[in-house]
Amino acid sequence: MSAPLTPIRCLHRAMDLFANKVGVVCRDKQFTYREFGERAQKLASGLPKFGIEKGDRVAYISFNTHQLLEGYYGVVQAGGVVMPLNVRLSVQEMVAVINHSGARMIVFENDFAPIVEKLRDVCKGVEKWVTTDEKIACADLQYEEIVDAGVPERQDIMTIDDSAIAELFYTSGSTGTPKGVTLTHRNLYLHALSVGGIYDKIHDMVDLHTIPLFHANGWGRPQASVMLGVKQVMVRRFEPTFVFRTIQEHKATDIAVVPTMANALLNAPDVKNWDLSSIRYVMIGGAAASPDLIKRLEAIFPNGECFGGYGMTETCPVLTSARNKGIAYKDDDDRRRRQAMAGWPVCGVEVRVVDNNMHDVPRDMQSIGEVVAAGDHIMSGYYKEPEATANVMSGRWLHTGDMGVWDDEGYIHIVDRKKEIIISGGENISSLEVEKHIFSHPDVFECAVVAAPDEKWGEVPAAIIVRKPGTDLTAESILPYLSERLGKFKLPRLIEVQDEPLPKTGTGKIRKLVLKERFWAGKEKRVQG
């Protein structure tokens, strides 16, 4: 008899096999997998006593905490849908997401009380506001009241419909209005098996949750780490010195970062003051990496191997990994080049690069097509938006909106978002390629390249560069550097150098649309072919 595929099985395995092992560390608290599992089970049996029924959405406004991680299992075991919110959204954006989702309960940290006070007035569908801290005026009850009302009962997994929605995540909105991505029990369990398959040396692995658990690269790991009994250390808020201290204290072996976080670590003034030798693997996701970023990270993590990966909220999220699949590298430059790529598909998914007719483009690392994916990890759809779902699906294939190239080994390299390819005089220019070379300059802290209007060429690359503190980088001084690395038609025609950081989404992605708008203000954007 086949059993339903559900992430609850990951928790059961951890409690059975790793009961006495420290599983979760959060500030000054730590829990064995038995203790963590029992808290999640008590949460599950306590939630119905406070009005949560099957299918209800339970939203979290929280940094990385053990309570949020418990929700990944407790809410789901209760038959609810766990919904971590991006804590960096504006109040207006949060209102839109909460009301669209129909969330019935909000669990929050008191740090967000000023936001909650505003949300309570306009989110009328929320019936219970629950604080994870001490009771305050805007909270109806404390989180521990729910846990204390429950009992540590193991769910009979045979009662679970694995096609039911278990998690609801809203996209970052970096390319438009946030959409609710529905992930089923089946999606999450099979994704855990796939991600667990690329873990290494799990017997002493210590997984540092540096990325927020509301971010795709954050919530993609908890099920796999629980299933394999990995010690998980919560980084409540990302701050370089705290990350370094936590690595040293817990001898963390694995971390995941987005490029903006990696850049913050690299440029931290105290980076050399800490023992970071325990780190074995650094996974870079959320945006394209570069060989130079790989090289810099491996310099501060002397025993670490840094590699890219690729996925999106709609794919649960991991689709590919750039870990070596057994091919021989020519040299270190070739190794870093491959490890900076999106990589090759993990088990359970198929990934292709196709033209407008869904035909594979040549595997020559030159022919650009759209990346499409199919398999176990693909969302069941956008919540309450069947038309938006249909717009991104071709049969079983999800259109990612990312443009890429690939080779005969199946390695995928993302060259740009479909909407961010710059078409200048008929030539396709990858903004990511131009950014990669700008970022390699030692005086550059961060950068973004977008399309700007041009009467002759239609549009041209425009670069907005943030220089490192204490440097005197100028537009004039960086042009010769780029001229040695890029073809003339790819060179930015407009360069702005500034000291202020670039605008970012709550998940750390640079808001390119915001940067682009000021160049196109008052002009009608031509339709790109």
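Biologist: Which residue stands opposite Val282 in S14?

Modeller: Val282 stands opposite Cys306 in S14. This is a predicted model, where local features need pLDDT of at least 70, side-chain atom pairs count only at pLDDT 80 or more, and totals for chains, interfaces and linings use all residues. Residues are numbered from 1 along each chain as its sequence is written, and side-chain values use heavy atoms, without hydrogens and water.

Biologist: What makes S13 and S14 a pair?

Modeller: Two strands pair if DSSP finds at least two bridges between them. Strand S13 (residues 281-284) and strand S14 (residues 305-311) have four bridges, in the parallel sense, so they count as paired. Strands here are DSSP runs of E with at least two residues, helices are runs of H or I with at least four, and both are numbered from the N terminus.

Biologist: Why is Thr505 called buried?

Modeller: Buried means under 20% relative accessible area, exposed over 50%, partly exposed in between, with a 1.4 Å probe and protein chains only. Thr505 has 4% relative accessibility, so it counts as buried. Thr505 lies in the loop between strand S27 (494-498) and helix H17 (512-520).

Biologist: Why is strand S26 described as largely enclosed?

Modeller: Eight of the 10 residues of S26 (residues 458-467) are buried, so the rest of the structure largely encloses this strand.

Biologist: Which strands does S26 pair with, and in what sense?

Modeller: With strand S25 (residues 444-454), S26 pairs in the antiparallel sense over 10 bridges; with S27, S26 pairs in the parallel sense over five bridges. Pro453 stands opposite Glu459 in S26, while Ile465 has Val497 in S27 as its bridge partner.
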